[in-house]
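Let's take a friendly walk through a protein chain, one piece at a time. Have a look at the picture below, and then we will begin with a single pair of residues.

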Amino acid sequence: SAAEPFPFAQDVPGASPRPSASGGAPLAAAPPAAPDEPWLTEPKKKGKQPKGKRPGGGRGAKPVLIGVAGLAIAAVVAAGGYVLFMGGDDESGGGGKGSAVLAGSVFAAAGSGNADGRDQRLSDVAALGTTVVTVGGESDSSGSRGQFLVSGDGARTFRSAPVKGVDGGEPAPDEVPQAVAGSDHGWVAVGSRPGGAVLWTSRDGRSWERLPDEAALPFGGGTRVTKVVAAGSGFLALGDSSRKGDFSDSVPAVWTSANGRAWQLRTGDQLALPIRKGQISLVTATGLGNTLLMEGIHAPEPNKPARFRKLWRSQDGGRTWTDSDVPAPKGTRGLMVGGGPAGFVAVREIKGEYGQAFTSRDGSSWRQAGKVRATGYQRIGAVVGDAQGFAAIVVRGRDVLVSRSANGARWQDAGSVPAQPGREVRAYALAGGQSVVVGSQNDAGDVNALLTVLGRTGAEVPVDLAKVPGAVHRDHTVSAVAAGGTRALAVGSA
């Protein structure tokens, strides 16, 4: 492999930094939860909830009673919404007839601003045929909720996928999926919650089930995940592990599973990589049939600047690995690998001017294919594939370009995502001839999910998440109520 002449943790407008020596962007701890309509809530009490739905659809909401000069006001959860009860006293001091109205009509939101008051981010996307699943979360100052958005028509339209909690009820707050993968044998998503990790599984990607906490234990305690891929009937996740917990002593980590429910963790020397000495940080992985390819950065002498891109191959679900040697022409730097039903593709940088593609059916032997060229070419940010071919994501100064090829020989521009201040591109996928790009866009403090779909010729397929039911919940919150004299006061945001 060729030496790395430049750092890969770069700030590139319009794109996420390439994974650094620490293993890339980890699954971060989830921000606090954002209930759908937390009109009146109290902190959830500790202790196990009874089986069945949690009070208030899992939000821990309780009735709040306020006395205001003979007027009793209470708000309770009812049928997924919040109801305000008002009961007056009669002349004898007894309780008179009360009335009940939807709290949303009492605490109306004035106007309709452009901002929705909450932040939405999409962190990963995976595709299988024409099924596309993208995951992320929505948050505000009071908390967050996880999101699964699914398309069954090759990313032309999306909907919110139903998610069942452990007890079969509503999903709990504060649990955000951040990496997803799917195969004919099922789908899996890995995410975070306060104090630990979370696992979800799905038969077809269109509805999801949250697994018990015990299933995610291998992902806790000083570990972080950067990517999940499917191969054969199983899954592989990669990242790193730290005994100190601050990742200053991080070592590579790989999780393997035959079904997405039971996982085994291997770290450091347990990976049995064909490396005699030095340090390894894992970058990405891809799978095809029973073959897995995993890419890493090897530092033979940790105190010296030399870094080498290495590629390893496994045919036993990630238990053992052998070298996969991609040719390195003169002037080579870097390596990015990806794949799909059409095979594997690897791209090396040549003198920073273009990308040289290599293809393989089995990840063992490689042949030279075509050149990925583009005006303003800087580097290859990612490589992905599907049954119809491959896509190389070309990072340029003004945008992120999608370059498509049916077999790796001839590459054509297939649209781009413009670089903008505050834009972060996180993941890519191919589905039914469409290119799917996800991330986030920060516009003056209001962060919105980025979901761009490009057709084979580069034309953008319009997708408006604001029109997808359940994808965006506008802030409409009463956070506190108080009474004094003949007046009651409610405060919140909208």
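R313 stands opposite T322, a residue of strand β21. The strand that pairs with β21 here is β20, residues 308-314, and two bridges join these antiparallel strands. That is just enough for pairing, as two strands count as paired if DSSP finds at least two bridges between them. Strands themselves are DSSP runs of E with at least two residues, while helices are runs of H or I with at least four, and both are numbered from the N terminus.

This is a predicted model, in which local features need pLDDT of at least 70 and side-chain atom pairs count only at pLDDT 80 or more, while totals for chains, interfaces and linings use all residues. Residues are numbered from 1 along each chain as its sequence is written, and side-chain values use heavy atoms, with hydrogens and water left out.

Now widen the view. Strands β20 and β21 belong to an open sheet of four antiparallel strands, in the order β18-β19-β20-β21. At its edges lie β18 (279-288) and β21 (322-323), each pairing on one side only.

Strand β18 holds T284. Is T284 buried or exposed? It counts as buried, because its relative accessibility is 11%, and buried means under 20% relative accessible area, with exposed over 50% and partly exposed in between (1.4 Å probe, protein chains only). Leaving aside neighbours within four places in sequence, T284 is in contact with K227, L238, L293, M294, E295 and V337; contact means heavy atoms within 4.5 Å.

Another open sheet has four antiparallel strands in the order β26-β27-β28-β29. Its edge strands, β26 (377-386) and β29 (412-418), each pair on one side only. On average, neighbouring strands of this sheet are turned by 25 degrees against each other, direction ignored; the axes are lines fitted to C-alpha atoms, and angles run from 0 to 180 degrees between N-to-C directions. Between β28 (residues 399-405) and β29 there are five bridges in the antiparallel sense, and L401 has S416 in β29 as its bridge partner.

Next, look inside. In soluble globular proteins, nonpolar side chains tend to be buried together. A nonpolar core is a set of buried Ala, Val, Leu, Ile, Met, Phe, Trp, Tyr and Cys residues joined through side-chain atoms within 4.5 Å. The largest one here has 18 residues, and L199, F219, V225, V228, A237, W255 and W263 touch the most other members. Strands that each supply at least two residues of this core include β10 (176-183), β14 and β16 (251-257). Strand β14 gives the most, with three residues. Beyond its neighbours within four places in sequence, V228 is in contact with A179, V180, A181, V188, V190, L236 and A237. A second, separate core of 17 residues includes L122, V125, V132 and L451.

Strand β14 (residues 223-231) is also the place of R224. R224 is buried, with a relative accessible area of 14%. Its side chain makes a polar contact with the side chain of D240 at 2.8 Å.

Finally, step back. The protein chain comes to two helices and 35 strands, and buried residues make up 50% of its 494 residues. Among its contacts between residues at least 6 apart in sequence, 47% join residues at least 24 apart.

Terms used
A polar contact is a pair of N or O atoms within 3.5 Å; within protein, one must be able to donate a hydrogen and the other to accept it, and residues adjacent in sequence count only if both atoms are side-chain atoms.
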